[in-house]
Amino acid sequence: MKLYYAPDTCSLSPHIVLRELELEFELVKVDNRSKLTTDGRDFRTINPKGYVAALEMDDGQILTEGPAIVQYLADIKPEKGLAPRADTWARVRLQEWLNFITSEIHAGSAPLFNRMLSEDIKAIFREKLFRQFDFLQRTLSETTYLTGPSFSVADAYLFTVLGWCRLFSIELNRWPALSTYRDMINARPAVQAALLAEAQ
Ligand SMILES: N[C@@H](CCC(=O)N[C@@H](CS)C(=O)NCC(=O)O)C(=O)O
């Protein structure tokens, strides 16, 4: 398998999951501005949507969309417990979290990256994001990980998008449970290995 990624982006989430599962994979870096891969290909020929992450299977099929990729990967090794089995209520709960992260936190952060938007407009999006952080603060005051006592693919995703706070000078300490959660996931060996590989 090949993971097409760009540093400091949502592709860190499937990257962490690949390492948590100890799967064999190759990393291919994408320049998100030029849309070129490090091996000189136009990334849009791989993912016509033009964004990371994209997962290339050994048979050449391409899977995109972070929440779909991480569930596909978790199901390769269900014994690792990164996602409940597909036909269970617990899996629906995991999907509820993945959808919340993708639509509320991931997409909710996107305007903060937009250089065309004024600081006044960005402040509106920041406030909306902060209301979701308040909700996460309440949730993580009562549970260790999003879906309960064990780490799941939803935690890899939330950790990834929380990492963008430092790019926007958002001090996560304002939400102590969220900050502790971020630090706990940051300490995982697979997470450290992924961050190190992306810093090369
Ligand atoms: N819906 C996609 C969104 C992916 C996405 O937003 N990727 C960003 C990085 S976090 C990207 O590559 N943006 C570059 C672009 O859109 O040109 C997913 O959840 O995987």
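Which residue in β2 is the bridge partner of Tyr4? The partner is Val28.

This is a predicted model, in which local features need pLDDT of at least 70, side-chain atom pairs count only at pLDDT 80 or more, and totals for chains, interfaces and linings use all residues. Residues are numbered from 1 along each chain as its sequence is written.

Strands (E, at least two residues) and helices (H or I, at least four) are DSSP runs, numbered from the N terminus. Two strands pair if DSSP finds at least two bridges between them.

Strand β1 covers residues 2-5, and strand β2 covers residues 26-31. Four bridges pair them in the parallel sense. Helix α1 (residues 12-20) lies on the path from β1 to β2, and this β-α-β crossover is right-handed. That term means a clockwise path from the first strand over the helix to the second, with the strands pointing away from the viewer.

Strand β3 (residues 36-37) runs antiparallel to β2, joined by two bridges. The two form a hairpin with four residues between them. In that turn, Lys35 has a positive phi of about 65°.

Some bridge partners are listed here.

| Residue | Bridge partner |
|---|---|
| Lys2 | Glu26 in β2 |
| Tyr4 | Val28 in β2 |
| Asp31 | Leu36 in β3 |

The open sheet has five strands in the order β3-β2-β1-β4-β5, with mixed pairing. β3 and β5 (62-64) stand at the edges, each with a single partner strand, so one side of each has no neighbour in the sheet.
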